[in-house]
Amino acid sequence: MSAPLTGLPVTFRPTRTRAVLYTVGIAQLVALTAIALALPKLTGGERLSFVLTGLLVLAVLLLLSRPKVVARQEGVTVVNLTTKRELAWAEIVRVNLRAGDPWVHLDLADGTSLPAMGIQPGIARERAVRDARALRDLTEKHGALGHTAG
């Protein structure tokens, strides 16, 4: 009886890509801060500009690490770089990850397509394919369970 609900909620996100982005972001901030402190001829404003540049780059990299797809009993939440969209299971017609796609695309019942950047091949293609299949299976299962007409 509880088998169809097993495993929810589940979050899909590009964990290797996130790890790389976090590591690079922190490393460059540390490097720019060290340079700002190590160069004796810099003024206070110049030192501050080094650190602020490092913080700006870190902020961009953190933004790039934001995407995720969360599948819950009620539906799916797609979080991309600057947007967040809640979808009912019935709104998702198809989950697509074709060769060469940078991320999954969700075909929606209203005829539009929504990028789901939380599942992206990038540096972990096998995982992205597994995640796309898992999301497709969940969509088929919960879309069919929740609605008799589609």
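# Exercises on a predicted model

R13 is located in the loop between β1 (10–12) and α1, where helices (H or I, at least four residues) and strands (E, at least two) are DSSP runs, numbered from the N terminus. The model is predicted: local features need pLDDT of at least 70, side-chain atom pairs count only at pLDDT 80 or more, and totals for chains, interfaces and linings use all residues. Residues are numbered from 1 along each chain as its sequence is written, and side-chain values use heavy atoms, with hydrogens and water left out.

**Exercise 1.** Determine whether R13 is buried, partly exposed or exposed.

*Solution.* Step one is the scale: buried means under 20% relative accessible area, exposed over 50%, and partly exposed in between (1.4 Å probe, protein chains only). Step two is the value: R13 has a relative accessible area of 22%, so R13 is partly exposed.

**Exercise 2.** Identify the salt bridge partner of E86, and explain what the pair ties together.

*Solution.* A salt bridge is a side-chain nitrogen of Lys or Arg within 4 Å of a carboxyl oxygen of Asp or Glu. The whole structure holds 5 salt bridges. In one of them E86 pairs with R72, with the closest N and O atoms 3.3 Å apart. E86 lies in strand β4 (residues 84–88) and R72 in the loop between β2 (68–71) and β3 (75–79), so the pair ties together parts that are 14 residues apart in sequence. At 44% relative accessibility, E86 counts as partly exposed, and R72, at 23%, is partly exposed as well.

**Exercise 3.** Locate the salt bridge between D107 and R94.

*Solution.* The side chains of D107 and R94 meet at 3.1 Å, N to O. Because D107 belongs to strand β6 (residues 104–108) and R94 to strand β5 (residues 92–96), the pair ties together parts that are 13 residues apart in sequence. R94 has 47% relative accessibility and therefore counts as partly exposed.

**Exercise 4.** Describe the salt bridge of D131 and the accessibility of both partners.

*Solution.* D131 forms a salt bridge with R127, the closest N and O atoms being 3.4 Å apart. Both residues lie in helix α3, 4 residues apart, about one turn of the helix. D131 counts as buried at 11% relative accessibility, whereas R127 counts as partly exposed at 32%. Elsewhere, salt bridges that share partners join R72, E74 and E86 into one network.
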